[in-house]
Amino acid sequence: MHRWGVRVSGTRIVVIAVLLGLVVPGIALAHVERTSYWPDPRPDTSVKPAAGGAVPKARSLASALNRKARGTTRVVCQRGSLSRLRHSIRRAEKSGFNNRPTEPLRKLKKKAGKRLLRINQRLYKRCHYHQIQPAVSASHNNDRVVIMPGIYTEPKSRAVPAFPKQCEQYRTESDHGSGAVSYAYQFHCPNAQSLVAVIGRALGPGQDPPTSPTGRPDPHGIPNLGRCIRCNLQVEGSGVDADDTVIDAGRVESGNGAPIGSKKDVAFKADRADGIVLRNFTARHAAEHDVYILETDGYRMTRMKFFYAGEYGALMFTSDHGLTDTCDAAGNGDSGVYPGGAPDTGTRRDTRFYPAFRLNQTITHCDSHHNNLGYSGTMGNATHVVDNNFYDNTTGIATDSFFAGGHPGYPQDSSMFERNRIYSNNFNVYAPGSDVKSAVPVPIGVGILIAGGDDDTISGNYIYDNWRRGTMLIAVPDAISCAPNPDEGAPPCTPQGAATTSNGDRYYDNVMSRTPDGRKMPNGVDFWWDEFPTNSGNCWFRNQGVDGTTASITSDPPPPPIEGTSVPKFLPEDCGSPSSVGVGDAAKESVLVGCVADFAQGTYDATVCDWFAPPPRPGSGGSGGGTGLPLPAAGGTVTLTTRLCQLLGGEGGTLTCTPFLGRI
Amino acid sequence: MAFGLAAACALAFALAVPLHHAHPAKPWSPPGVALLGGLPMQQARCEQWLAAGQGERDRALDALHGVVGGPTPYGPATALTRPEAQRLFDRTCSNPIARNFLLYELYTRASGFRSLVEPNV
């Protein structure tokens, strides 16, 4: 039987190769949330200094002792905070410390250690809180919460039930259906879901606009926004590094590992908390997200660690003017960092709301490793991911347009991934005994996966030792968000075109299959493009391959015969050429069709779609397989529909449809 | 502290006990909110699907229909019928590696293929 003629549980799946974008498994699709909006990007001048409009500045730890400084400082401590700090200082002086694994250990100087201890001794005298939430709840605009070394489990928050009866009145109808938790719910019941919650704004004076699964208001601007009540808040640990202050939403005995034993959905949440600064602490073991920043304009996270969350280490949703700087994310079941539903400040922006092109959130100097995904972002628009390390994940980076209701900003566009090191993402999260529990199926062995992204830039990265593919670019046809609704009477929808995603993406100046120090560590293939019919403007140029030359790049389709040109059926290198257009590829589609079968039918059959079995090390001649997925049942057939062929111009009319239709 | 731990333990126990084990007092669940094994749809995974009774599963399927079938720029997102979703989860969750997959993630992905599956399969 032909490889892509596969029987799936006796059913006949109707598939067309143009749907290869639909196969994309490495996508953290969404999360269930209230109808969310992008905050007004202009600073809120009702508070001084203004909140939002820019990444907030952090105040020094020492300045927390200055009673004349703006804002009130509330200190949280435990009985053993100072002894824990002394131990940490001794360790840092003797053995050194770092903020993330790839950072060299550096020793704390005696003078700095003494100064840090003195600051903490003075803070300890001002300590009036032993749990964090009461200190946060007592805070106002411009205040600070300093958390001294210790492991904080927040017993009072843990005691709050997940579904307090008195809070039910604040549930709302949302674009996710009934039962969503509104902002008013979070305002009145901040600890139903979160161990620590910063509720940044009062309730608005009016009514929230109606929203429903069949319609939602324009996402530009938060309607019925209340006044700042905890804007410009700074929350920080006072230890040597983030290991000294820990917020644990689950099983403390597990340390920074598994099992997570979650007791709360979220460890630390900042909701409409414009201008918030989080610094120097660890959050871990949340059932969903370790740190969750929502509808916030202006945030800074620096020297933070996010360990072993059930879903995201750090989730920044519909937030603007953000900076995540110097972080360590590991063990997360979905992804280490996730700036999803990000403001559309890129090429597809509404210039009335976002007059100028702007990258709205930056992630830099982070190590995201040993996660299901290192980075992901459904509708992660105009993010700047620069100078990070993504390694030992199942897939390193994924960004996508795989639509899920409630993620504004479709399609994903305008992100910039530059000067990162993306390597050795071959972690078999599916292996028996894996300490990370995969929340969503992703392919093993991929460096960067773009699924339906437009105008993204991948530049100046080192991408090596990803055993399946260094990079993948796959289209997501609009049809995915416009498939016929099975409900009778559902409003009609009209696809806007078959290929409005995955255009204009540029890959250049990357070093592939080589480490920064010049060692050869090949990817399975450096660049992989699905050649989706009519996709245009994608280009790959000035990249170096395994021997340091452009000629040594491996790609599918292959590099063009003449460097710098774009020729159909070859990897385009001339971005502006009218020939930089996909024309389809039946061989690739044959594999992807099998993956469609897996997803549509829930079979996860390793011989139909091999993305969930460990790929062999390039050059090893191995067959991979390992302990990923079981072997399939007996084969069968995959058949193709004509409906989506017609989207591309009619049956038999495209390179993509023709070979498949012949096999029905 | 002791009270907090006790409350946390009680909550954890309430969430963890599979429904097919004995018959512990059913925890209060908010009206109109589907829970599976005590967990909301944001957290429900194959593990909860396998442990749940049919009534609980049906409520979850209805909730997922609403969650996933949200608005798109072109109309409501597609969603699965109850039998389709039932088959999806039964098949997927029977695979040991899928034990921790989130149901809504599986559902959303499969919804993308909804129109590609012949209606009576």
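From the N terminus on, chain B runs α-α-α-β-β-α-α. That makes five helices and two strands. Helices (H or I, at least four residues) and strands (E, at least two) are DSSP runs, numbered from the N terminus. The model is predicted: local features need pLDDT of at least 70, side-chain atom pairs count only at pLDDT 80 or more, and totals for chains, interfaces and linings use all residues. Residues are numbered from 1 along each chain as its sequence is written, while chains are lettered from A and ligands numbered from 1 in the order in which they are written.

Of the 121 residues in chain B, 50% are buried. A residue is buried if 20 or more other C-beta atoms lie within 10 Å of its own, exposed if 12 or fewer, and partly exposed in between, with C-beta atoms placed from the backbone. Two residues are in contact if their C-beta atoms, placed from the backbone, lie within 7 Å. Among contacts in chain B with a separation of 6 or more, 55% join residues 24 or more positions apart.

Helix H3 (residues 54-68) of chain B packs against helix H4 (residues 82-93) of chain B at an angle of about 110°. Their axes are 10 Å apart. Axes are lines fitted to C-alpha atoms, for helices over the stretch in contact, and angles run from 0 to 180 degrees between N-to-C directions. H3(B) and H4(B) are therefore roughly perpendicular; angles of 65 to 115 degrees count as such, those under 35 as roughly parallel, those over 145 as roughly antiparallel and the rest as oblique. The crossing of H3(B) and H4(B) is right-handed, that is, the near helix is turned clockwise from the far one by less than a right angle. At this packing, B:Asp58, B:Leu61 and B:Leu64 in H3(B) meet B:Arg82, B:Ala85 and B:Gln86 in H4(B).

B:Leu64 also belongs to the largest nonpolar core, which has 138 residues. Such a core is a set of buried Ala, Val, Leu, Ile, Met, Phe, Trp, Tyr and Cys residues joined through C-beta atoms within 7 Å. A:Ile247, A:Ala267, A:Val291, A:Ala314, B:Leu64 and B:Leu103 touch the most other members. H3(B) gives the most to this core, with six residues. Apart from it lies another core of eight residues, including A:Ala162, A:Phe163, A:Tyr185 and A:Ala192. Beyond four places in sequence, the contacts of A:Ile247 include A:Ile132, A:Tyr152, A:Ala267 and A:Phe281.

In chain A, 11 strands form an open sheet with parallel pairing, in the order E8-E13-E16-E18-E20-E22-E25-E28-E31-E34-E36. Two strands pair if DSSP finds at least two bridges between them. Strand E8 (194-199) and strand E36 (555-556) of chain A are the edge strands, each pairing on one side only. Within the sheet, strand E25 (residues 395-400) and strand E28 (residues 446-451) of chain A pair in the parallel sense over five bridges. A:Asp400 has A:Ala451 in E28(A) as its bridge partner.

Two loop positions in chain A were also examined. A:Ala64 lies in the loop between strand E1 (13-14) and strand E2 (73-76) of chain A. A:Ala64 counts as buried because 24 C-beta neighbours lie inside 10 Å. Leaving out residues up to four places away in sequence, A:Ala64 touches A:Thr73, A:Leu123, A:Arg144 and A:Val146. A:Arg106 sits in the loop between helix H1 (81-94) and helix H2 (110-125) of chain A. A:Arg106 is exposed, with 11 other C-beta atoms within 10 Å.
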